Amino acid sequence: MFEEAHTTMRHYFIDEAGDSTLFSAKGKVLIGTEGCSRFFILGLLEVPNPIALQAAMDGLRLRLINDPYFNNVPSMQVKARKTAFAFHAKDDIPEVRRAVYRLLRNMEGLRF
């Protein structure tokens with residue numbers, strides 16, 4: 001008897017924070033020196049429905065861009081080509097990060 005194999009497509013988004021460079025080009029240890037990150041973090045988000053997540057993120061971005069509260073926030077200006085095009089914690093103000101985290105927390109099936 002032949003059993004049919006079932007494959008499941010999985011979608012992951014991976015991001016890092018910090019710098020993984022531990023040595024200079026000449027082999028000198030950089031740990032503990034000025035400019036060397038104290039931490040390196042790697043995160044993986046499993047997303048069962050990337051199309052739904054993209055739609056939710058696009059909707060959130062549109063709502064935030066059209067919210068008068070953010071009119072004077074530099075990263076929210078289309079000409080800045082930052083948050084108006086893509087969320088990025090480095091560029092986003094705390095209120096935007098909070099809205100993104102809230103959206104992610106409420107999306108069904110995400111696993112970090």
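Here is a short chat about a predicted model of one chain.

Visitor: In what order do the elements of the chain run from the N terminus on?
Guide: Start with the inventory: the chain has two helices and two strands. Read from the N terminus on, the order is β-β-α-α.

Visitor: What radius of gyration does the chain have, next to a compact globule of 112 residues?
Guide: The C-alpha atoms fill a box of roughly 60 × 55 × 25 Å along the principal axes. For a compact globule of 112 residues you'd expect a radius near 13 Å, but the chain has 19 Å.

Visitor: How far apart are the end C-alpha atoms of helix α1?
Guide: Helix α1 covers residues 50–65, which makes 16 residues. At 1.5 Å a residue, α1 should span 22 Å. The model agrees, with the end C-alpha atoms apart by 22 Å.

Visitor: Why are the buried residues of α1 on the same side?
Guide: The buried ones are Leu-53, Met-57, Leu-60, Arg-61 and Leu-64. An α-helix has 3.6 residues a turn, so residues three or four places apart point the same way.

Visitor: Which exposed residues does the face of α1 turned away from its buried side carry?
Guide: On the buried side, the cover includes α2 (94–106). The face turned away carries the exposed residues Ile-51, Ala-55, Leu-62 and Arg-63.

Conventions: Residues are numbered from 1 along each chain as its sequence is written. This is a predicted model: local features need pLDDT of at least 70, side-chain atom pairs count only at pLDDT 80 or more; totals for chains, interfaces and linings use all residues. Side-chain values use heavy atoms; hydrogens and water are left out. Helices (H or I, at least four residues) and strands (E, at least two) are DSSP runs, numbered from the N terminus. The expected span of a helix is 1.5 Å times one less than its number of residues. Buried means under 20% relative accessible area, exposed over 50%, partly exposed in between (1.4 Å probe, protein chains only). Contact means heavy atoms within 4.5 Å. The radius of gyration is taken over C-alpha atoms; the globule rule is 2.2 Å times the number of residues to the power 0.38.
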